[in-house]
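Here is a short report on one protein model. Keep the sequence and the 3D view open as you read.

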Amino acid sequence: MSTICLDPGHGGKDPGAVREGLAEKEIALQVALAAAAALREAHRVVLTRERDRTLTLAERRRVAAEAGADLFVSVHVNAAGHPQAQGYEVLVRPEHDPASRELALAILEAIAERFPERRNRGIKTAALAVLRQPRPGCLVEGFFLSNPEERELLASPQTHAALGAAIARGCAAFVGGVEVKPWGGGSAGAGRERKAPPAVLSPRPPESPPARPRSAPGGRPTPG
Ligand SMILES: [Zn+2]
């Protein structure tokens, strides 16, 4: 049994990206809760928040530290200035850290299996302050709120459940041990053939920094 810290991005006064009335903070919370439910069968799970509240990055790190978490996964959705940007990606800090990359890859693979029709943008690096922790950690950007097709996907509770289950599967694969149920009970539908995601490590392309004030895990090393 491992202790897994899940961090629903944003919250409270910080909605994250907002498009057409859909707020990133709500989606992130639903996805993280679904991941937590799947993981609790076999692991100890702590969440940095379980409701809509404001949290600093330092407070998020503290939750993981106080729980003695073995790994940390922050859950977000993406947004970009142009509506064509699409897909999912997982971010890790740029320093050499094979464990975090292995965790990121396990989560990418699980999302790719569940959403084979969506674009796998691979592993990206960013100096995210929330990931500045002495444990493997990554930040999942599950689809673009700014892309009309993906926004529709993100509006659906089934997507929250499926994305959460995929994140749980990736975490479970990383820590090993008891397998987490594939898709959180939903019907999979899509093909199961395994597509190896590109294990590329590239800096975030310029399109990614979204057209929104990105105060939270976005990137600027915030003091505190
Ligand atoms: Zn975010």
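## Strand β8 and its partners

Strand β6 (residues 88-92) pairs with β8 in the antiparallel sense, over four bridges. Two strands count as paired if DSSP finds at least two bridges between them. Strands (E, at least two residues) and helices (H or I, at least four) are DSSP runs, numbered from the N terminus. Tyrosine 88 has glycine 142 in β8 as its bridge partner.

Strand β5 (residues 71-78) also joins β8. These two run parallel, with six bridges. Here phenylalanine 72 stands opposite glycine 137 in β8. Strand β8 itself (residues 137-144) is mostly covered, with eight of its eight residues buried. Buried means that 20 or more other C-beta atoms lie within 10 Å of a residue's own; 12 or fewer means exposed, and in between is partly exposed, with C-beta atoms placed from the backbone.

## How the model is read

This is a predicted model: local features need pLDDT of at least 70, side-chain atom pairs count only at pLDDT 80 or more, and totals for chains, interfaces and linings use all residues. Residues are numbered from 1 along each chain as its sequence is written.

## Helix α5

Helix α5 covers residues 157-175. The expected span is 1.5 Å times one less than the number of residues. Of the 19 residues in α5, 16 are buried. Glycine 176 follows α5, and its phi is positive, near 80 degrees.

## Glycine 122

Glycine 122 lies in strand β7 (residues 120-125). Why does glycine 122 count as partly exposed? Because it has 18 C-beta neighbours inside 10 Å. The C-alpha atoms of glycine 122 and leucine 108 are separated by 7.1 Å, while the two residues are 14 residues apart along the chain.
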